Amino acid sequence: MTPAAVGLRCPDHSGKPQGVRRVTTAATRASTGVGARRLNAVTMALIGINVLVYLAELAAGGCVNGLANTPYDHGVLVADAQYGNGSLAGVSHGEWWRLITSAFLHYGPLHLGMNMVSLYFAGSILEQVIGRWRYVLLYIVSGLAGAAGALYWTPHAPTVGASGAIFGVFGALLVLERRGNIATGGQVAGLIVLNLVITLAYRSSISVGGHIGGLIGGLLLMIAFVRFLRSWQVSLAAAAVVAAAAIVVAYSGI
């Protein structure tokens, strides 16, 4: 019910969206572009960073597939590798930053484009619903969880891409869908199942561990967010706990 000058009015007659309608109206506005410059600033910034990193790879002499360049060599996720000069590299050799940098590297324009389209639509909705700083936390932690899953599943396979973080965004939207905070008619669950089927079908070229790890990270952190939504201190602590667990999993895999 909505307070009005004539008493209490139901949402259908008050002229103002309430509850789930209020959330879905905002989410629709974010995904359709109305007011998107205000609502999805973080999402657009993340897309911009990913594109700039790819352009930097090309500028560094890399091929169109994002290989054979300095950013890739020093940022790709791998437990153990060898540089051209014979020196060892990888997460197991102290290069922990690869857990993060790998999420901003991509294998060519098709890989980059598919991930950025997914990030634009899913990320814009999530950013509007949970707020910018919680969205940033969830994206980073999900990316870290995706890297942990990739290292645990295939520690010696070079892995790059934002898909781990994007699966985390999917996981967060699934929690909101199941709670009724967004009305999508089960589309998020269907999207996740479809993408997992594709992941398993093409597991020779897609990081299964990265996708599953990111999904789990996003699910866990979003559950904590909705439970402690009013306390940013608890939300920050939850993000730290999930990130720490991801790091433990990552190093246990190597």
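Which residues make the nonpolar surface patch of about 550 Å²? In this predicted model, where local features need pLDDT of at least 70, side-chain atom pairs count only at pLDDT 80 or more, while totals for chains, interfaces and linings use all residues. Residues are numbered from 1 along each chain as its sequence is written, and side-chain values use heavy atoms, with hydrogens and water left out.

The patch is made by Trp96, Trp97, Ile100, Ile247, Tyr251 and Ile254. Patches are built from residues with over 30% relative accessible area and no salt bridge, joining like charges within 9 Å and nonpolar side chains (Val, Leu, Ile, Met, Phe, Trp, Tyr) within 5 Å; the areas themselves come from the Shrake-Rupley method with a 1.4 Å probe, and for residues only the protein chains shown count as cover. Tyrosine 251 sits in helix α12 (residues 232-252); helices here are DSSP runs of H or I, at least four residues, numbered from the N terminus. With 35% relative accessibility, tyrosine 251 is classed as partly exposed, on a scale where buried means under 20% relative accessible area, exposed over 50%, and partly exposed in between. Tryptophan 96 comes out as exposed at 52%, and tryptophan 97 as partly exposed at 31%.

Now for the rings. There are four aromatic pairs in the structure, a pair being two rings of Phe, Tyr or Trp (its six-membered ring) with centres within 6.5 Å, called stacked if the planes are under 30 degrees apart, edge-to-face if over 60, and tilted for the rest. One of them joins tyrosine 72 and tyrosine 107 in a tilted arrangement, 6.1 Å centre to centre with 55 degrees between the planes. This pair ties together distant parts of the chain, 35 residues apart: tyrosine 72 belongs to helix α5 (residues 70-75), and tyrosine 107 to the loop between α6 (98-101) and α7 (108-130). Tyrosine 72 is buried at 11% relative accessibility, whereas tyrosine 107 is partly exposed at 33%. Tryptophan 96 and tryptophan 97 also pair up, this time edge-to-face, at 6.1 Å centre to centre and 75 degrees between the planes.

On to the charges. The whole structure has two salt bridges, each a side-chain nitrogen of Lys or Arg within 4 Å of a carboxyl oxygen of Asp or Glu. Glutamate 95 bridges to arginine 98, with 2.6 Å between the closest N and O atoms; glutamate 95 is buried at 11%, and arginine 98 is buried at 1%. The other links arginine 132 and glutamate 127 at 3.6 Å, N to O. Here arginine 132 is partly exposed at 41%, while glutamate 127 is buried at 2%.

Helix α8 (residues 132-153) has 22 residues and should span 32 Å at 1.5 Å a residue, and its end C-alpha atoms agree at 31 Å apart; the expected span is 1.5 Å times one less than the number of residues. Of those 22 residues, 16 are buried, leaving α8 mostly covered. Helix α9 (residues 163-179) reaches 24 Å over 17 residues, close to the 24 Å expected. It is largely enclosed by the rest of the structure, because 14 of the 17 residues of α9 are buried.

Finally, the backbone. Alanine 68 has a positive phi of about 60 degrees despite not being a glycine. Alanine 68 lies in the loop between α4 (41-59) and α5, and is exposed at 59% relative accessibility.

Key. Helix = DSSP H or I, 4+ residues; strand = E, 2+ residues; numbered from the N terminus. Buried < 20%, exposed > 50% of the residue type's maximum accessible area, 1.4 Å probe, protein only.
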